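I opened this notebook to record what I looked up in one structure.

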Amino acid sequence: MALLDIRDLTVTRPGAAPGAPPAPLLDGVSLTLDRGGALGLVGESGCGKSLTALAVMALLPAGLRAGGSVLLDGEDLLTASERRLCALRGRRMAMVFQEPMTALNPVRTIGDQVAEGPRHHLGLSRRAAREHARAVLDRVGLDPARVSPDSYPHALSGGQRQRAVIAIAVACGPALLIADEPTTALDVATQARILDLILDLVTDEGLALLMISHDLGVVAETARDMAVMYAGRIVETGPTARVLAAPRHPYTAGLMAARPQHDRGRPGQPLAAIPGVVPPPGARPPGCAFADRCARADAVCRTRPVLAGEPGGRHRAACHHPVEPPA
């Protein structure tokens, strides 16, 4: 049994006008993540990556409705009570948000914030929880001799704050770690150190990792498998190395072409770009949501494609006219 099994997940918001049908934000998302596995979820802003993470954590904004199922160790999170969800968040699943200053409480010390989970979930005394917090902060690279657990978030650098957020997430030894753009707004050197830390934790603690990013390089470094999301749908899945080497969906190929080509001797050349923008909910074309931006689209693309690939293979794409793999 997979640790995380997302089946036909939908998230809708109320229609823009009275009597209007609900607008789909996520539309039939299915993903699986095994214990100790690492899955990357990529796509442009507005495609639904962070919303997928919030649906898994049962932290959707008010007014949004989720359907389908999200199974964690076989337990459906979408039907669980809030009391049960509070017992699971932090203990069995945890999330690292992309902006640490919004994830940290500015009026509490980082030591207190890391210790809160162990006191609640592990039943540790105040003293034992504080010692546990010191050890976890040290584990994520915040040596108490250099960065005191009594420090407040405003006194830390961006990278130190992100390490504190990671410490909060892993303090109770969850089985599932969701990292939502964990290196946003960090300099390149700090980004590399944060990614190395996450990989070390995944390896040493046996965590399952769902890495959400718009950066294909980040996913290549951190995830064995990946899924490409567009307009609330999964359009391509497979082993990361295979998908990046031979993308089958035109959208994935477009994302690959848009990367800076520092290693290909093209100084001064403009980046390739996918024409158009991600269609907003309620305005997505029928059939393939990417059709209006795709040079390969024709009449058949007005019908919805399904994820398909070679028999027995794990590399699949939802496209009527997939890109041919290189010879």
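My entries follow in the order in which I made them.

**Basis.** I note that this is a predicted model, in which local features need pLDDT of at least 70 and side-chain atom pairs count only at pLDDT 80 or more, while totals for chains, interfaces and linings use all residues. Residues are numbered from 1 along each chain as its sequence is written, and side-chain values use heavy atoms, with hydrogens and water left out.

**Helices α6 and α7.** I took helices (H or I, at least four residues) and strands (E, at least two) as DSSP runs numbered from the N terminus. Helix α6 spans residues 158-170 and helix α7 residues 188-205; they pack at an angle of about 15°, with axes 10 Å apart. Axes are lines fitted to C-alpha atoms, for helices over the stretch in contact, and angles run from 0 to 180 degrees between N-to-C directions. The angle makes α6 roughly parallel to α7, a term for angles under 35 degrees. For the contact (heavy atoms within 4.5 Å), α6 supplies Gly159, Gln162, Arg163, Ile166 and Val170, and α7 supplies Thr190, Arg193, Ile194, Leu197, Ile198 and Leu201. I recorded 6 nonpolar, 3 polar and 2 charged residues there. Ala, Val, Leu, Ile, Met, Phe, Trp, Tyr, Cys and Pro count as nonpolar, Asp, Glu, Lys and Arg as charged, and the others, Gly among them, as polar.

**Helices α4 and α6.** Helix α4 (residues 110-121) packs against α6 at about 20°, with the axes 8 Å apart. These two helices are therefore roughly parallel as well. Ile110, Gln113 and Val114 of α4 meet Ala164, Ala167 and Ile168 of α6.

**Core.** Which residues touch the most other members of the largest nonpolar core? I found Ile166, Leu176, Ile178, Tyr230 and Tyr251, out of 93 residues. Such a core is a set of buried Ala, Val, Leu, Ile, Met, Phe, Trp, Tyr and Cys residues joined through side-chain atoms within 4.5 Å. Leaving out residues up to four places away in sequence, Ile178 touches Ala53, Val56, Met57, Ala94, Met95, Val96, Leu210 and Ile212.

**Single residues.** Is threonine 252 buried or exposed? Its relative accessibility is 2%, so threonine 252 counts as buried; buried means under 20% relative accessible area, exposed over 50%, and partly exposed in between (1.4 Å probe, protein chains only). Threonine 252 lies in helix α10 (residues 250-257). Aspartate 73, in the loop between β4 and β5, has a phi near 55°, a positive value in a residue other than glycine.

Notes. Angles under 35 degrees count as roughly parallel, over 145 as roughly antiparallel, 65 to 115 as roughly perpendicular and the rest as oblique.
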